[in-house]
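User: I am new to this structure. Please show it, then take me through some of its contacts.

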Amino acid sequence: GHHHGHHGEGEEEEDDGEEGGESGESGEEEEGEDVDDDDRQGQGCPQLLSAADAASLDVTANNGEGEEGLPFAPEPPATARAVEALLGDRPPKTALKLVQRVRTVSSAALGAEKRAKLKAFFAALLEYTLRVMAREDGDLSVKGVAVAYALRTPLVELAVEHPDEAFEFFAPRLLEMGATRLPKAAEFCCLKLITLLFPVSDLQHPICTPASLLADRWASNLAALGSGIEDLVSEGTMLLEILYQFCAPARRFCPTFFRLGTALLESCWASVAAGREQCADASAAIAALLTKALRGLADAGGSSAGGDAAAAAAAAAVVARALLRPAAERLAAGGGEEVAAGRRREQADALLRLCSEFGDRPLPPLALFDFGPAQIKTLDPIFHEVGDRPQKGMEMSETKQLQRRLTKERRAAGRPLL
């Protein structure tokens, strides 16, 4: 099997919170592998720039510390390489400042030529973001993800201003990725970027729908390997988070998400048993995300989304009984007196409590057609008093009367033509 070295950098966007929520490390450096600066940053929970922080950044202010010589009116670069030359190795906040300055200089209001430049810049910026998120060795770059998170606001605004360019950028990439057998960080980053830029809760969307199907397919392939995916925990966690972003906002029922989550949980604990103790933190983060997703699914009926409460309760019960409980029972029963046995049992008990909370609720019986009994048509007789002059055609049915009227009108219409 192939081993994706490095570590659980997929964890940094574990929760859907702005700061990357809780985080854990999965996997550990191989002996003798050279650890670079990027690896060191991925050891804990990297700080990601939240949307609020990004919004409060003053672009026009003077250059801060370490930003000497930063251009105030940079020309919009038209290629990814030019964007790379402009942003260089700068920290996320500085990169955001530069991108916003480029947008200010070539605002679309300044004419058609500037608008065309801005379109080219948007495509180049997307390509640069994708390139910087994945490293040459097929792993995820911590610095790159931090930069991508910082650039979220301008990217989303540009995607709204230039929807055709956004579509043309991702559509061919999705087609290409559909044929990929073994997705690596670059493919996951592309999906991650789609969840950040496009409305994932649309019923059907030309980019989100195929992307979520692709994520689902990769996740189901990975989940089918069961608890033996210790080497793929970092890829798995990133895929789990991407799938969460596709399904949670729209409250979609996605069994693959829970199957992958439980497979990752078991793999994490298998890694802990093998001596990689930091996987226990990763498992806590995964368990928290599974809990959050199940609660979200159960609340879907009562939400303002106008969901069906009975259907939401049934979906949550199915997940709790069929997908989470078997895995939680296996975790609770796991033998061995390893280091974190107490923590593992604690986690398994919490999951079992969750399962009994949602899985043991009595469900209302299914009703196929939920409306009142059909009304029977009554036929009341018509009575005529003696002395009434019966109207001609009173005893005729409505159909007959209409047919007669039609014949009359047809005759009348035919007359002037003769």
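Analyst: Buried means under 20% relative accessible area, exposed over 50%, and partly exposed in between (1.4 Å probe, protein chains only). This is a predicted model: local features need pLDDT of at least 70, side-chain atom pairs count only at pLDDT 80 or more, and totals for chains, interfaces and linings use all residues. Residues are numbered from 1 along each chain as its sequence is written, and side-chain values use heavy atoms, with hydrogens and water left out.

User: Is Arg-131 buried, exposed or partly exposed?

Analyst: Arg-131 forms a salt bridge with Glu-127 (a side-chain nitrogen of Lys or Arg within 4 Å of a carboxyl oxygen of Asp or Glu). The relative accessibility of Arg-131 is 41%. Arg-131 therefore counts as partly exposed.

User: Which residue forms a salt bridge with Arg-330?

Analyst: Arg-330 lies in helix α14 (residues 309-333), and its partner lies in helix α12 (residues 255-273). The closest N and O atoms are 2.8 Å apart.

User: How are α8 and α10 oriented to each other?

Analyst: Helix α8 (residues 163-178) and helix α10 (residues 208-223) pack with their axes 11 Å apart. The angle is about 25°. Angles under 35 degrees count as roughly parallel, over 145 as roughly antiparallel, 65 to 115 as roughly perpendicular and the rest as oblique. So α8 and α10 are roughly parallel.

Note on methods. Axes fitted to C-alpha atoms, helices over the stretch in contact; angles between N-to-C directions. Helix = DSSP H or I, 4+ residues; strand = E, 2+ residues; numbered from the N terminus.
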